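This briefing is for a reader who has not seen the structure before. Please look over the sequence and the model, then read the points below by topic.

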Amino acid sequence: MSLLQRISRSPALGLVGLVVAWMAVFGLFALLRPETFPTAANLETLARQGTIVAMAAIGMTYVIVSGGLDLSVGSTVAFTTVVIAWLLDRGQGPWVALLGGIGAAVACGVCNGLLVTRLRVGPFVVTLGTLLVIRGLAKGLANEQKIDAPMTWLADVLATLGKEQRWMLVPIGVWTMLVFAALMALVLRRTRFGRHLVAIGSNENAARLCGVPVDRVKLSVYVVGGLFAGLAGLMQFSRLTVGDPTVAQGLELEVIAAVVIGGASLSGGQGTIAGALLGAAIMTTIRAGGSHMGWANWIQEIVTGAIIVLSVALDKMRRRG
C-alpha cells in the first residue's frame with residue numbers, strides 16, 4: 001500500500017499530512033520573504049483572510065459529503081453584503097441587518113435545495129444557474145453600485161485588533177468561525193443527521209432503501225450551505241464595510257478546492273470539517289504568499305487553478321486506492 005493510500009484511509013494521518021503541508025507552504029514563503037511573512041501581524045492577517053473561505057467551506061463540506069455541489073457560494077456572499085448594507089443604509093439597526101443578510105443567504109440555500117430535490121436536476125447545473133440569478137439580484141438591489149453603509153459593530157467583527165484588544169489574539173469573527181466549526185464537526189460525526197449525510201453521499205439509492213429521508217436531508221444540506229455562505233458574507237462585509245455586488249467572484253472554486261484539499265471526495269461520502277479548515281488555511285497562505293512576493297493577479301489565478309486541478313487529481317487517486 002502506497003503512502004498516499006495509507007494517508008487517505010486514515011483521517012488522523014490525513015490531518016497530520018495537511019498540517020505538515022501548511023507548515024511547508026508557510027515555511028517556503030517565510031524563507032522567501034523573512035522580513036514580512038513570518039510576523040505576528042501577518043499571522044493575524046492570514047487568520048482574518050482565511051475566515052471567509054473557512055466559514056463557507058464548513059457549509060460546502062456538508063454539501064460535498066452528501067454528494068452535491070454548490071457553485072453559487074460566491075454570489076451568495078456578495079448578495080449578503082449587499083442586503084446588510086442596504087438595510088443599514090435605510091436606517092435599520094445592525095441586528096436587523098445581520099438577520100436580514102443571513103436570512104437572504106438561507107433563502108438562497110432553500111432555493112438550491114428545492115431545485116435539486118424537486119426538479120431532479122444535477123446540483124452542478126442548478127447552482128451554476130443560481131450563481132447568475134443570485135449575482136443578478138445583488139446587482140439589482142445595489143443598482144450595480146457599491147452601497148456605503150453607516151459604521152456599526154458589524155464592521156468590527158473581522159477588523160484588525162486594536163492595542164486594547166490584543167488579549168483576544170484574533171478578531172471575534174475568527175473565534176466565531178472556530179466555534180461553529182467545532183459544532184458542525186460534532187454534528188457530522190456524532191448525530192443521525194451526519195450519518196444520513198455520509199450514507200447519501202456514499203450510495204443514495206442504498207440510503208433510500210434503508211429508510212433515509214433523502215430529499216429532506218439533501219434540502220437541509222443546502223440550507224446549511226446557504227447559512228454558512230451568509231456567515232461568510234457577514235465576514236466579507238466586515239472587511240469591506242460596504243455592500244459590493246461584484247465581490248467574491250470565483251470564491252466558490254477556492255472554497256471547493258479547500259474542501260477537496262482537506263480530504264473530501266467530490267463523489268461524496270467522505271470529508272471532515274477539520275480538513276476543510278486546513279485546506280482553507282493552505283489556500284489562504286498561498287494567496288497571501290503570492291501577494292507578498294508581488295505576483296501579478298494573473299499568476300495567482302494560474303496557481304489557484306493549478307491547485308484545484310491537482311486537488312481533484314489527488315481525489316481521484318485516493319478513490320482508486
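The protein carries 25 positive and 15 negative side chains, and 13 Å separates the centres of the two sets. The model is predicted. It contains 13 helices and 2 strands.

**Overall form and surface**

- The radius of gyration is 19 Å, which agrees with the value near 20 Å that a compact globule of 321 residues would have.
- Along the principal axes, the C-alpha atoms fill a box of roughly 55 × 50 × 35 Å.
- The accessible surface of the protein is about 15,000 Å², and carbon and sulfur atoms account for 66% of that area.
- Of the 321 residues, 48% are buried.

**The largest nonpolar core**

- The largest nonpolar core has 89 residues.
- The members that touch the most other members are Met 55, Ile 58, Tyr 62, Leu 154, Val 255 and Ile 273.
- Helix H3, residues 40-65, gives the most to this core, with 13 residues.
- Apart from neighbours within four places in sequence, Met 55 is in contact with Met 177, Phe 180, Phe 228, Leu 231, Ala 232 and Met 235.

**Helix H11**

- Helix H11 spans residues 251-261 and is mostly covered, with 10 of its 11 residues buried.
- The buried residues of H11 include Leu 251, Ala 257, Ala 258 and Ile 261.
- Glu 252 and Glu 254 are also among the buried residues of H11.
- Val 255 is buried in H11, and this residue is one of those that touch the most other members of the largest nonpolar core.
- Gly 263 follows H11 and has a positive phi, near 110 degrees.

- Most residues other than glycine have a negative phi.
- Glu 144 is not a glycine, yet its phi is positive, at about 60 degrees.
- Glu 144 sits in the loop between helix H6 (123-141) and strand E1 (147-148).
- With a relative accessible area of 65%, Glu 144 is exposed, because the cut-off for exposed is over 50%.
- Leu 169 also has a positive phi, near 70 degrees, in a residue other than glycine.
- The loop that holds Leu 169 runs between E1 and helix H7 (172-190).
- Leu 169 counts as exposed, at 61% relative accessibility.

- Thr 76 belongs to helix H4, residues 73-89.
- The relative accessible area of Thr 76 is 3%, so this residue is buried.
- Leaving out neighbours within four places in sequence, Thr 76 is in contact with Ala 105, Cys 108, Ile 134 and Ala 229.
- Leu 219 belongs to helix H10, residues 214-240.
- Leu 219 has a relative accessible area of 22% and is therefore partly exposed.
- Not counting residues up to four places away in sequence, Leu 219 touches Val 110, Gly 113, Leu 114 and Thr 117.
- Leu 219 and Phe 237 are 18 residues apart in sequence, and their C-alpha atoms are 27 Å apart in space.

- Gly 136 lies in helix H6.
- Gly 136 is partly exposed, with a relative accessible area of 38%.
- The C-alpha atoms of Gly 136 and Pro 171 are separated by 32 Å, and the two residues are 35 residues apart along the chain.
- Ala 142 is in the loop between H6 and E1.
- Ala 142 counts as buried because its relative accessibility is 6%.
- Excluding its neighbours within four places in sequence, Ala 142 is in contact with Val 82, Ile 147 and Pro 245.
- Ala 142 and Ala 85 are 57 residues apart in sequence, while their C-alpha atoms are 9.1 Å apart in space.
- The loop between H6 and E1 thus holds both Ala 142 and Glu 144; Ala 142 is buried, whereas Glu 144 is exposed.

Methods:
Residues are numbered from 1 along each chain as its sequence is written. This is a predicted model: local features need pLDDT of at least 70, side-chain atom pairs count only at pLDDT 80 or more; totals for chains, interfaces and linings use all residues. Side-chain values use heavy atoms; hydrogens and water are left out. Helices (H or I, at least four residues) and strands (E, at least two) are DSSP runs, numbered from the N terminus. The radius of gyration is taken over C-alpha atoms; the globule rule is 2.2 Å times the number of residues to the power 0.38. Buried means under 20% relative accessible area, exposed over 50%, partly exposed in between (1.4 Å probe, protein chains only). Accessible areas come from the Shrake-Rupley method with a 1.4 Å probe; for residues, only the protein chains shown count as cover. Lys and Arg count as positive and Asp and Glu as negative; His and the chain ends are not counted. The place of a charge is taken as NZ of Lys, CZ of Arg, CG of Asp or CD of Glu. A nonpolar core is a set of buried Ala, Val, Leu, Ile, Met, Phe, Trp, Tyr and Cys residues joined through side-chain atoms within 4.5 Å. Contact means heavy atoms within 4.5 Å.
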